Amino acid sequence: MDYVSALVPPVVMAGFFIALVRTIVKSQGGSNKAKEDAAVDAALARAEAAQQGRTPDTHGA
């Protein structure tokens, strides 16, 4: 019975990992894709605006 107790944790972890991957794959695309793309575009625009507002770095000069 020691082999059963040794195999249960990896099997449970594998099951959770498979469920996580399936959830991630199912959530890609579809109606959420445009909303997620818009959120990423807005975040990138904010980051670029903040970076342009700072003084330029002089690397090693």
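Where does helix 1 bend, and which proline follows within four residues? The bend, about 30 degrees, is at Val-8, and Pro-9 is the proline that follows; a bend here is the angle between axes fitted to the seven residues ending at a residue and the seven starting there.

This is a predicted model, in which local features need pLDDT of at least 70, side-chain atom pairs count only at pLDDT 80 or more, and totals for chains, interfaces and linings use all residues. Numbering starts from 1 along each chain as its sequence is written, and side-chain values use heavy atoms, leaving out hydrogens and water.

The chain has two helices and zero strands, taken as DSSP runs numbered from the N terminus (helices H or I, at least four residues; strands E, at least two). Here is helix 1 at a glance:

After helix 1 comes Gly-29, with a positive phi near 75 degrees.

Val-4 sits in helix 1 (residues 2-27).
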